[in-house]
Amino acid sequence: MLWVLGVVWFVACGPQLSPEPKPEPKPDKPNTEQGGGSTDTEDGEESSESYVVILSMDAFRYDLAEMYDTPTLDSIARVGVYSEIMPCFPSNTFPNHYSMATGLYPDHHGIVNNTFFDETTYKTYSISDKEATSNANFYKGEPIWNTVERQGLTAHVYGWVGIDAAVNGCKPTVAMSYDYRLSQRQLADKVIGAMCREDVEEIPNLVMWYFDEPDAVEHDYSPTSEQTRRVVEEIDDVLAYFMRQMRNSPVYDDINFIFTSDHGMVELDPDKYFNVYSLIPDRIQYYYNSNPVTLKPRNLAETQEIYEILKAHESEGHYRVWLREDMPEELHYGTYKTRIYPIVLLADTGWKVVYNKNANGGRPTEHYSNHGYNPYDREMHMVFYGCGPAFKSGYTHDRVFQNLNDHLIISHILGIEPANPNDCTWEDVEGLFRVE
Ligand code: AMP
Ligand code: ZN
Ligand code: ZN
């Protein structure tokens, strides 16, 4: 039964500085009378520890909780904070989870998409290849679990992207790989088990956990389907159970809960399809037909010419195309030259554009849905809920912020220094927090 056991990693990276003690806050929690007992330590003094428990629900689009019955998430918004947020480009699972962890754009942390080829090592990174996901050489920056442990606190990570690898030679106290066989309830029980330990000293300061839904059901049936409604409402039921059980934690009053996501989702249309192959037949040696489509010409000297041909068909094909070096600044993409092919083509949101020898190859089926599109388009946006002593109460944020700021949010709550460098913007998240 090895697969149900968390892998405990004995950290080689010791603490380097101790965090500032945080003042004792007064919490707000959803759907519950204040419960969970006090946070007194053995010698009777009040604990000054802070805790963050952050769940990522894959592809929880910004409007799912408006469309469906989600009393638990609604009550978290009532007693805590809510913000619509946006992903980094490309709006796919791996780049974004690792941005949330490191506070860096994908160009800076190196996980430039779910799949890519590294020209310096001749190795392919792919989400389904455990050898690749465990190879620390792919990961740059410092994931928050290492930032936390380096500063003397403890982190448990259950299934978050990046946890397979010992980045900079370190792993957190608990590092469990993603396991699709675990139900949401089983995952919740792991977190409950960690946070409800009797011995307060054994309770981690940071827990990061992950649900692979509603992404999977949305891909197959669309965000507006009955199937997605069912899955979203089941998630909310699991969260109700989770929040009820968490009241048994001896540090309940000091826990800050975050429920968030990596990107949104859009339904495709079989008619919104364009194949660029016939424009540049057989002139591409390597390509990825994801969002974005990236192309490496057979003859690199033809890069400019191929780009210009594609550029001339942008409006007909419903895409934007750039030379890797000329990507728009707001996408923060294209500087990782050894991991991104020279031509980058991004379909308009809701369109499917491919380089495929077969004239109809890769055409989407009815209701198929996807992400990876421009993060500034609303369909790619997702949710951020926070509640607990650090967060304001009943507050809806005044701006849409990028999810890489999670690194800063967690650092701020735990009273530690964020990793340096990072791409986070304090002004974008400052308003979420209670003013002391
Ligand atoms: P995608 O929708 O292609 O961006 O990726 C979503 C899928 O990534 C999920 O359905 C999971 O199967 C997979 N996934 C998510 N996290 C991990 C992980 N840490 N390791 C391996 N696969 C993962
Ligand atoms: Zn995802
Ligand atoms: Zn997906």
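Modeller: Let's start with pairing: two strands pair if DSSP finds at least two bridges between them. Strands (E, at least two residues) and helices (H or I, at least four) are DSSP runs, numbered from the N terminus. This is a predicted model, where local features need pLDDT of at least 70, side-chain atom pairs count only at pLDDT 80 or more, and totals for chains, interfaces and linings use all residues. Residues are numbered from 1 along each chain as its sequence is written, while chains are lettered from A and ligands numbered from 1 in the order in which they are written.

Colleague: What makes S13 and strand S14 (residues 343-347) a pair?

Modeller: Five bridges join them, and the definition asks for at least two. They run antiparallel, and Arg320 stands opposite Leu346 in S14.

Colleague: How do you know that S12 (residues 293-297) pairs with S14 too?

Modeller: Three bridges link S12 and S14 in the antiparallel sense. Here Val293 stands opposite Leu345 in S14.

Colleague: Why are S11 (284-289) and S13 said to stand at the edges?

Modeller: Look at the open sheet, whose four strands come in the order S11-S12-S14-S13 with antiparallel pairing. S11 and S13 each have a single partner strand, so one side of each is left without a neighbour in the sheet.

Colleague: Why is S13 (residues 319-323) called largely enclosed by the rest of the structure?

Modeller: Because four of its five residues are buried.

Colleague: Why does Lys190 count as buried?

Modeller: Lys190, in helix H7 (residues 184-195), has 20 C-beta neighbours inside 10 Å, so it counts as buried.

Colleague: How do you know that the length of helix H9 (residues 226-246) agrees with what it should span?

Modeller: The expected span is 1.5 Å times one less than the number of residues. For the 21 residues of H9 that gives 30 Å, and the end C-alpha atoms are 30 Å apart, which agrees.

Colleague: Which residues of H9 are buried, and what puts them on the same side?

Modeller: The buried ones are Thr228, Val231, Val232, Ile235, Leu239, Phe242, Met243 and Met246. They cover an arc of only 115° around the axis, which puts them on the same side of H9; the arc is that of the directions from the helix axis to the C-beta atoms. In general, an α-helix has 3.6 residues a turn, so residues three or four places apart point the same way.

Conventions
Buried ≥ 20, exposed ≤ 12 C-beta atoms within 10 Å, placed from the backbone.
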